[in-house]
Amino acid sequence: MSVVNQDNVRDRQDLLDKAEKFVKDHMAGYDPSHDWHHVQRVRKLAIRIAKTLDPLPDLLVVELTALFHDLDDHKYRTESSPTLSELLNPLLNHKALNSEQSNLIIKIIPNISYTTEIKLQKLNQWNWQLNINELKVVQDSDRLDAIGSIGILRLAAYSCKINRKLINEDQNNINNNNNNNNEQKIGQSAEDHFEEKLLKVKDRMKTPFGKLEAERRHKTMIDFLTSLEREREILYEDE
């Protein structure tokens, strides 16, 4: 390996080490639904998915975008929070990155969100995003972590954080909800969130790996909801 290549490898690792420490410190107070462990899972999935694609996406952009993807999450922002650019400026000026890579990372992050994608599509503003494989990879990895067994645990964790009830306890309310549209159900319980969003995720995946894994995790959620319904039915069998 040439001296130049050795320097590049060292610079790249130095940037990743600093980025990892920054994210860990920044998210130290986040709840378990959006903590460092979530970021690390998304990071690992993103790298794995990226390596299945041809042509190969920019792996450094993929890894850094995965690391940074939740730093500016609106659920954890306050009025005094710095902007994403302000947060990342020291890291994105690292010599391991060129300006094109830095700009792409900043451009991708606000477009990763499931909700943002749907909103922009309705406004006919989802255009350049269709051609960015680095975005597709991080979207799929983040969405995979939102479904399946891990997704169920994360949903429960976030519901506890915002004091949202976990399930629909009252059978009469359940029957009424089934006769109403989804808009009337939004926010009532963690259970409702499956129908509102999580059961729709598999149809929004972008990569072959993501689509296949999403099908498996989707089945896990269906099995969970079937079991939940049976456990609830037992409570009302004699009524």
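**Entry 1: the whole chain**

I began by reminding myself that this is a predicted model. Next I looked up the secondary structure and found eleven helices and zero strands in the protein chain.

I then checked the dimensions. The C-alpha trace spans about 75 × 40 × 35 Å along its principal axes.

How much of the chain is buried? Of the 239 residues, 43% are. I also looked at contacts with a separation of 6 or more, and 71% of them are between residues 24 or more positions apart.

**Entry 2: surface and charge**

For charges, I noted 34 positive and 39 negative side chains. The centres of these two sets lie 4 Å apart.

**Entry 3: helix 4**

I turned to helix 4, which covers residues 84–92. Which of its residues are buried? I found Leu84, Leu87, Leu88, Leu91 and Leu92. Looking down the helix axis, I see these buried residues within an arc of 115 degrees, so they line one face of helix 4. Glu86 and Pro90 sit on the other side of helix 4, and both are exposed.

**Entry 4: helix 8**

My next stop was helix 8, residues 148–161.

I listed the buried residues of helix 8 as Gly148, Gly151, Ile152, Arg154, Leu155, Tyr158 and Ser159. Around the axis they cover an arc of only 165 degrees, so they are on the same side of helix 8. On the other side of helix 8 I found Leu153 and Cys160 exposed.

What do the buried residues of helix 8 pack against? I traced them to helix 2 (36–50), helix 10 (190–196) and helix 11 (208–236).

Last, I looked just past the end of this helix. Helix 8 is followed by asparagine 163, and the phi of that residue is positive, near 60 degrees.

Conventions: Residues are numbered from 1 along each chain as its sequence is written. This is a predicted model: local features need pLDDT of at least 70, side-chain atom pairs count only at pLDDT 80 or more; totals for chains, interfaces and linings use all residues. Side-chain values use heavy atoms; hydrogens and water are left out. Helices (H or I, at least four residues) and strands (E, at least two) are DSSP runs, numbered from the N terminus. The expected span of a helix is 1.5 Å times one less than its number of residues. Buried means under 20% relative accessible area, exposed over 50%, partly exposed in between (1.4 Å probe, protein chains only). The arc is that of the directions from the helix axis to the C-beta atoms. Contact means heavy atoms within 4.5 Å. Lys and Arg count as positive and Asp and Glu as negative; His and the chain ends are not counted. The place of a charge is taken as NZ of Lys, CZ of Arg, CG of Asp or CD of Glu.
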